[in-house]
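Here are my notes on this model, point by point. Please keep the structure open while reading.

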Amino acid sequence: MRYTGPKVRLSRRAGVPLTRKAVKYFEARPYPPGEHGRKTNRRNGGDYGMRLLEKQKLRWYYDVSEKQLRRYWDLAVRRPGRSGEELLVILETRLASLVLRAGLAPSIYAARQYVNHGHITVDGRKVDVPSYLVKPGQVVAVRARSRAMQPFVAASEGVYADDRIAPYLSVDHKELRFTLVERPVREHIVLPVDEQLVVEHYSR
């Protein structure tokens, strides 16, 4: 199941801010949540605990269920190349992930909602499946009928954009559209996760 509770709580459990909103809260309370959070030492969880935490961080960052992540792992293993990097590429090219990366949404949760509610098109056709895997050359945009909504007006002004747009995207914020120009590579994916520990978790 996907986590539906307080999102900042996940960042405190992970030990890193997973969303923009979580940054200031995490700085104020950088320890795990709960009654004994201040006394908890994340490093005392052992090797298994460290690998499990990295896998959970990956799940929380992309807002996917355990079942989905396992399916992506199975797909990554069948691809040529390093399994950990292939897993990140799959997660990064999900429609919801790219809507976030392009600066059309303030968080992965909002991006998922925008897709679910039918506000996003791929090559001119509405796609309401957040897990849809976008291919290089495909154009993603906000539907014309949705562009007057406040979140998309803010997006058109670059409010949600990162300081640097991912090099595998060509983004036109004013027109509320972007193109996946090439397959992402690991060095271009900004992610607070050690994917090698995730590989070790699934390979044990």
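1. Glu195 counts as buried, because its relative accessibility is 15% and the cut-off for buried is under 20%. Keep in mind that this is a predicted model. Glu195 belongs to helix H9. Setting aside neighbours within four places in sequence, Glu195 is in contact with Gly84, Glu85, Leu88 and Arg186.

2. Now the rest of H9, which covers residues 195-203. Its buried residues are Glu195, Leu197, Val198, Val199, His201 and Tyr202. What do these buried residues pack against? They pack against H3, helix H4 (66-78) and helix H5 (83-92). The N-terminal end of H9 is capped by Asp194. A side-chain oxygen of Asp194 lies 3.1 Å from the backbone nitrogen of Gln196.

3. The buried set is Gly84, Glu86, Leu87, Leu88, Val89, Ile90, Leu91 and Glu92. Two glutamates, Glu86 and Glu92, are in that list. The packing partners of the buried H5 residues are H3, H4, H6 and H9.

4. Look at Ile90, which sits in H5. Is Ile90 buried or exposed? It is buried, because its relative accessible area is 0%. Beyond neighbours within four places in sequence, Ile90 is in contact with Tyr72, Leu75, Ala76, Arg79 and Leu133. Ser131 is 41 residues from Ile90 in sequence. In space, their C-alpha atoms are 9.6 Å apart.

5. Next, the nonpolar core. In soluble globular proteins, nonpolar side chains tend to be buried together. Here the largest nonpolar core has 48 residues. Those with the most contacts inside it are Leu58, Leu87, Leu95 and Val99. Helix H7 (residues 108-116) supplies the largest share of this core, six residues. Leu87 touches Leu58, Leu69, Tyr72, Trp73, Ala76 and Val198, not counting residues up to four places away in sequence.

6. H6 gives the most, with three residues. By class, the lining has four nonpolar, one polar and two charged residues.

7. His119 counts as buried, because its relative accessibility is 13%. Its side chain makes a polar contact of 2.8 Å with the side chain of Ser146. Leaving out residues up to four places away in sequence, His119 touches Tyr114, Ala141, Val142, Arg143, Ser146, Met149 and Phe152.

8. Asp63 has a phi near 55°, a positive value in a residue other than glycine. Asp63 is in the loop between H3 and H4. Asp63 counts as buried, because its relative accessibility is 4%. Asp123 also has a positive phi, of about 55°, although it is not a glycine. Asp123 is in the loop between S1 and strand S2 (125-126). How accessible is Asp123? At 45% relative accessibility, Asp123 counts as partly exposed.

9. Last, the overall layout. The protein has nine helices and five strands. From the N terminus on, the elements run α-α-α-α-α-α-α-β-β-β-α-β-β-α. Of the 204 residues, 46% count as buried. Among contacts with a separation of 6 or more, 56% come from residues 24 or more positions apart.

Methods:
Residues numbered from 1 in each chain as written. Predicted model: local features only at pLDDT ≥ 70, side-chain atom pairs only at ≥ 80, totals over all residues. Heavy atoms only, no water. Helix = DSSP H or I, 4+ residues; strand = E, 2+ residues; numbered from the N terminus. Nonpolar A, V, L, I, M, F, W, Y, C, P; charged D, E, K, R; others polar. Core = buried A, V, L, I, M, F, W, Y, C linked by side-chain atoms within 4.5 Å. Buried < 20%, exposed > 50% of the residue type's maximum accessible area, 1.4 Å probe, protein only. Contact = heavy atoms within 4.5 Å. Polar contact = N/O pair within 3.5 Å; in protein donor to acceptor, adjacent residues only side chain to side chain.
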